[in-house]
Amino acid sequence: MMAIHSPLRSYQAMLFIPLPFVVALLLLILFVTVLRRDEEAQPNRPFLALILLAVLQSVLSGLRWGYGVQAVGVIMPVTAAMVPPLAYAGVSRLVRTSRRPLPTRIALHAVPAAVILLLMVFRRDAIDLALVFVFVGYALAILLLMRPGADALRLAPFEGAVPAYRAIIFAAAALCLSASVDIFVFFDFTWAHGEHALTLISISNLAVLVILGIAAAAASRSRAPAETMEAALKSETTEDKETIAAVDALMEAKKLYRDANLNLDRLARKAGIPARQISTAINRAMDKNVSQYVNDYRIGEACRLLAATQKSVTEVMFEVGFQTKSNFNREFRRVTDMTPLAWRERKGGSGVSSASS
């Protein structure tokens with residue numbers, strides 16, 4: 001997507017010429033799916049824009065490298081420079097609310113595209129190097145945002161932690177992959193006159209586009225990721241015990257875990273305790289992240305409902321705060337080492353036959 005160069009001396013047939021357009025169509029379908037899925041919730045607009053930009057880049061890539069339409073070469077470096085800022089903006093929306101006004105944020109993220117536009121006028125030979133810095137820089141910035149782990153995603157609901165985390169990491173890796181391709185192609189043009197450039201661009205650009213599109217779609221679910229346990233290595237403090245006791249009391253009294261959209265910020269506001277303090281206390285004292293802590297409450301009530309009621313597994317899942325069976329089953333296995341149906345059968349709960357849904 002991102003390697004932009006002068007025309008090759010002789011055009012080779014692109015690998016499976018229609019492929020970029022097929023990829024664009026699939027990404028467009030993905031965009032519509034995400035839009036419909038999130039229509040009842042506030043959408044992550046940067047991620048949606050990233051998917052659309054991936055569609056555009058795929059089409060432009062097919063036109064240029066597949067059919068020799070050189071005019072699109074004027075557009076591709078600029079649109080390529082817009083990809084990392086959109087990925088970063090999407091992740092940052094899950095991490096925090098920026099204190100900068102919206103026009104300021106837009107202006108800051110427009111800088112890379114503006115720089116590339118200027119280089120196209122004055123120093124075209126520096127475009128590839130500039131794109132490498134843009135992609136690597138934003139990839140590192142995303143990883144820096146994610147350094148605290150799941151609890152960094154203060155504005156994201158707790159459910160679906162692992163998929164969202166992997167999506168964000170894959171997005172950062174895709175940015176680095178694109179930068180690596182730019183470097184390789186630069187040296188290929190320098191030393192081998194672009195002998196291997198077309199094949200590499202054909203494959204890698206589409207791979208990067210697909211990874212970014214899928215990652216944006218997954219992360220746009222606004223789910224928090226699993227986190228590292230660095231804080232858990234430190235000793236528990238009295239303040240940690242008091243913090244957890246306060247949050248436990250709130251959970252038991254208000255049953256906040258039933259809220260499918262519960263996130264760290266909302267939990268912190270309800271408890272009247274800083275989000276970072278809650279996160280650190282649970283990490284240190286319980287050797288788990290806040291997402292797992294909340295899901296433990298959800299699974300605990302799910303176990304009670306499965307054993308004591310005739311409600312189906314699906315009804316129980318929704319009642320305790322989960323939204324998808326995959327997340328519910330995964331967390332249920334983590335806590336109990338068995339499936340919901342197996343739990344119900346072992347505990348001799350009533351209405352086992354009604355739990356098949």
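## Exercises on a predicted helical model

I106 is exposed, with 53% relative accessible area. The coordinates behind this value, like those in every exercise below, come from a predicted model.

**Exercise 1. Place I106 in the fold: which helix holds I106, and how far apart are the C-alpha atoms of I106 and P85?**

Step 1. Look up the helix: I106 sits in α4, which covers residues 102-109.

Step 2. Check the class: the cut-off for exposed is over 50% relative accessible area, and I106 has 53%, so I106 counts as exposed.

Step 3. Take the distance: 9.5 Å separates the C-alpha atoms of I106 and P85, and the two residues are 21 apart along the chain.

**Exercise 2. Describe the protein as a whole: how many helices and strands does the protein have, and what share of its residues is buried?**

Step 1. Count the elements: there are 15 helices and zero strands.

Step 2. Turn to burial: of the 357 residues, 49% are buried.

**Exercise 3. Judge the confidence: which helix has the lowest mean confidence, and which the highest?**

Step 1. Begin with the average: the protein has a mean pLDDT of 75, and 68% of the residues reach at least 70.

Step 2. Compare helices: confidence is lowest in α8 (residues 197-219), with a mean of 61, and highest in α13 (residues 313-319), with 92.

Step 3. Find stretches below 50: residues 3-17 form one of them, with 44 contacts in the model beyond near neighbours in sequence. Residues 222-234 also have a pLDDT below 50, and that stretch has 54 such contacts.

**Exercise 4. Find the nonpolar cores: how many residues does the largest one have, and which helices each supply at least two of its residues?**

Step 1. Recall the background: nonpolar side chains tend to be buried together in soluble globular proteins.

Step 2. Size the core: the largest nonpolar core has 33 residues, and V91, I116, L131, F135, I142 and L175 have the most contacts inside it.

Step 3. Trace the helices: at least two core residues come from each of α2 (45-67), α3 (76-95), α5 (111-122), α6 (127-145) and α7 (161-192).

Step 4. Search for another: a second, separate core has 19 residues, including I244, L250, I273 and I282.

**Exercise 5. Study the nonpolar surface patch: which residues make the patch, and which helix gives the largest share?**

Step 1. List the members: V22, L25, L26, L28, I29 and L52 make a patch of about 520 Å².

Step 2. Assign the share: helix α1 (residues 19-37) contributes five residues, the largest share.

Step 3. Take one member as a test: I29 lies in helix α1. I29 is partly exposed because its relative accessibility is 46%, between the limits of 20% and 50%.

**Exercise 6. Work through the salt bridges: how many are there, and which residues form a network?**

Step 1. Start with the total: the count is eight salt bridges.

Step 2. Examine R123 and D125: their side chains meet with an N to O distance of 3.0 Å. R123 is partly exposed at 47% relative accessibility, while D125 is exposed at 55%.

Step 3. Move to D240 and R284: the closest N and O atoms of this salt bridge are 2.8 Å apart. D240 is in α9 (residues 238-254) and R284 in α11 (residues 275-286), so the pair ties together parts 44 residues apart in sequence. D240 is buried, with a relative accessibility of 2%.

Step 4. Continue with E301 and R304: their closest N and O atoms are 3.5 Å apart. The two residues are three apart in helix α12, so about one helical turn separates them. E301 is buried at 5%, whereas R304 is partly exposed at 46%.

Step 5. Join the network: salt bridges link R258, E301 and R304.

**Exercise 7. Decide on N295: is N295 buried or exposed, and which residues does N295 contact beyond its neighbours within four places in sequence?**

Step 1. Locate N295: helix α12 (residues 290-308) contains this residue.

Step 2. Apply the cut-off: buried means under 20% relative accessible area, and N295 has 2%, so N295 is buried.

Step 3. Name the partners: leaving aside neighbours within four places in sequence, N295 is in contact with F322, E331 and R334.

How values were computed. Residues are numbered from 1 along each chain as its sequence is written. This is a predicted model: local features need pLDDT of at least 70, side-chain atom pairs count only at pLDDT 80 or more; totals for chains, interfaces and linings use all residues. Side-chain values use heavy atoms; hydrogens and water are left out. Patches are made of residues with over 30% relative accessible area and no salt bridge: like charges are joined within 9 Å, nonpolar side chains (Val, Leu, Ile, Met, Phe, Trp, Tyr) within 5 Å. Accessible areas come from the Shrake-Rupley method with a 1.4 Å probe; for residues, only the protein chains shown count as cover. A salt bridge is a side-chain nitrogen of Lys or Arg within 4 Å of a carboxyl oxygen of Asp or Glu. Helices (H or I, at least four residues) and strands (E, at least two) are DSSP runs, numbered from the N terminus. Buried means under 20% relative accessible area, exposed over 50%, partly exposed in between (1.4 Å probe, protein chains only). A nonpolar core is a set of buried Ala, Val, Leu, Ile, Met, Phe, Trp, Tyr and Cys residues joined through side-chain atoms within 4.5 Å. Contact means heavy atoms within 4.5 Å. pLDDT is the predictor's confidence in each residue, from 0 to 100.
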